[in-house]
Amino acid sequence: MLLRGLTWLVLFQLLGTAINHLFLPVLPGPIIGLLLLLVYLICRGQVGEPLNLAASSLLRYLPLLLVPPAVGVMVYAKDIAADFWAIVGALVLSLLLSMAFAGVLMKRMVKRHAHREDSQ
């Protein structure tokens, strides 16, 4: 079961990489593969047992993927400190924009949900 789930994950990543090299060089291949996997799962309506087992097994090792970025932050600490205020400004601006977007989206979803309940 685990091997079948890992095969599906690798297959979608390979498909995303192929689309990246052939048609869409702007997005990374693994991101395209994840989007294709998302579309596949939405169309299917459920996550199969092999894929669920593979994803759960890989999530156990997720903290190991955070080690290289942490090392990069330590290695480039001087460069980050030199651009500290630009980084803080970009983070604050992106936080405010995403909070505003989430608020507007939530308001629309609540309105749509209330409209559905009124019509029933």
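The buried residues of α2 are covered by elements that include α1 and α3, where contact means heavy atoms within 4.5 Å. Those buried residues, under 20% relative accessible area with a 1.4 Å probe and protein chains only, are Gly 29, Ile 32, Gly 33, Leu 37 and Leu 41. Please note that this is a predicted model, in which local features need pLDDT of at least 70, side-chain atom pairs count only at pLDDT 80 or more, and totals for chains, interfaces and linings use all residues. Residues are numbered from 1 along each chain as its sequence is written, and side-chain values use heavy atoms, without hydrogens or water.

At 1.5 Å a residue, its 16 residues should span 22 Å, and because the end C-alpha atoms are 22 Å apart, the two values agree; the expected span is 1.5 Å times one less than the number of residues. Just after α2, Gly 45 takes a positive phi of about 90 degrees.

UniProt, in an unreviewed entry, lists residues 30–47, 59–78 and 84–106 as "transmembrane region"; such annotations may be inferred rather than shown by experiment. Residues 30–47 are 83% helix and 0% strand, with end C-alpha atoms 19 Å apart. For residues 59–78, the chain is 80% helix and 0% strand, and the end C-alpha atoms are 32 Å apart.

How values were computed
Helix = DSSP H or I, 4+ residues; strand = E, 2+ residues; numbered from the N terminus. Buried < 20%, exposed > 50% of the residue type's maximum accessible area, 1.4 Å probe, protein only.
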